Amino acid sequence: MKIFALCGSPRKNNSRTAQLLKQVLAGAQLEGAETEYVDLSESKINYCFGCGKCHKLGECIQKDSFNSLFGEILQAEGIILGSPVYAGHITAQLKTWFDRLANAIHCQRLAGKYGMVISTANGSGHEDAANYMEKVLRRIGVQVVDRMACTIPGGLLPEEAELLSRARDLGVTLARAIAEKREFPEQLEEQERLRNHYRQVILRNKDVWEWEYRYIQEKGWL
Ligand SMILES: Cc1cc2nc3c(=O)[nH]c(=O)nc-3n(C[C@H](O)[C@H](O)[C@H](O)COP(=O)(O)O)c2cc1C
């Protein structure tokens, strides 16, 4: 079992979001998971420039780290997203990765995988950020097992210790959900509705979006 964590904080070792994500991974390791932590601020991931070629080819034409990272995530069973709140929402680092997921959204490329989200803020915006991260994960096919959306006003070490142990428990929960192939019926129903919607969109464009048409055909979603 492999689980990826993607962190949207640019603060590297000073990042509290990173600390929490690493605890989730540590919890998952206790259940035997192999884990990988990715600092998006250190990855070379450019802005999407909206060419739409990913619908035709099944991958992005840009020569940066996006395709190789996405390919590795495709081989994993779990994905955890983390972001601090900047100006009321997720950071640009994570949003830039999200913007590159147009093909993944159309085809629910991560269907069958499980995920979690973590957001941290000084005072507010953490729920909005967590809701949005969950929404994107569900749209690419992931079933979201749980989340942590928290405020960390700063300097409250006992509170942070409690958060760290909660994060570790979340990692255990995620790994167990993967092992048990747990089902979240409401999320699966929502994903089926979205698949029906995108099937129509892909059918309308099937002469151009060759890869996506072939993909949903092979998946039996036509
Ligand atoms: C540029 C910037 C913008 C921020 N905007 C907000 C905000 O809108 N609301 C908030 O509650 N906290 C805000 N914060 C505080 C961070 O969300 C908070 O400290 C977070 O836990 C930092 O996470 P990190 O340590 O993982 O980078 C901001 C911090 C920075 C540096």
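# Ligand, pocket and cavity

User: What volume of space lies in the largest cavity?
Analyst: In this predicted model, the space in the largest cavity comes to about 40 Å³.

User: And how many cavities of 30 Å³ or more does a search of the whole structure find?
Analyst: When the whole structure is searched, one cavity of 30 Å³ or more is found.

User: Which residues line the largest cavity?
Analyst: The lining of the largest cavity is made by Arg16, Gln19, Leu20, Ile152, Glu160, Leu163 and Leu164, and by class these residues are four nonpolar, one polar and two charged. Helix 1, which spans 16-30, and helix 7, which spans 157-180, each contribute at least two residues to that lining.

User: OK, switching to the ligand, where does it sit?
Analyst: The ligand is found in the largest pocket, and the elements that each give two or more residues to the shell around the ligand are helix 1 and strand 4, the latter running over 114-121.

User: How many residues surround the ligand, and which are the closest?
Analyst: The ligand is surrounded by 16 residues, with Ser9, Ser15, Thr17, Val85 and Gly123 being the closest. Sorted by class, the shell around the ligand holds five nonpolar, nine polar and two charged residues.

User: What lies 2.6 Å from an oxygen atom of the ligand?
Analyst: That is a backbone N or O atom of Val85.

User: How much of the ligand's accessible area does the protein cover?
Analyst: On its own the ligand has 640 Å² of accessible area, and the protein covers 73% of that.

User: Back to the largest pocket, how much space lies in it?
Analyst: The largest pocket holds about 200 Å³ of space, and helix 1 and strand 4 are the elements that give two or more residues to its lining.

User: Which lining residues lie nearest the centre of the largest pocket?
Analyst: Of the 14 residues that line the largest pocket, Arg16, Pro84, Tyr86, Thr120 and Asn122 lie nearest its centre.

User: And what classes does the lining of the largest pocket have?
Analyst: The lining of the largest pocket consists of five nonpolar, seven polar and two charged residues.

Methods
Residues numbered from 1 in each chain as written. Predicted model: local features only at pLDDT ≥ 70, side-chain atom pairs only at ≥ 80, totals over all residues. Heavy atoms only, no water. 1 Å grid on protein atoms, 1.4 Å probe; cavity = no way out; pocket = protein on both sides within 12 Å on 5 of 7 lines; lining within 4 Å. Points joined across faces, edges and corners; volume = space filled by probe spheres on them. Helix = DSSP H or I, 4+ residues; strand = E, 2+ residues; numbered from the N terminus. Nonpolar A, V, L, I, M, F, W, Y, C, P; charged D, E, K, R; others polar. Near = heavy atom within 4 Å. Polar contact = N/O pair within 3.5 Å; in protein donor to acceptor, adjacent residues only side chain to side chain. Areas by Shrake-Rupley, 256 points an atom, 1.4 Å probe, with all protein chains shown as cover. Sits in = over half its atoms within 2 Å of the grid points.
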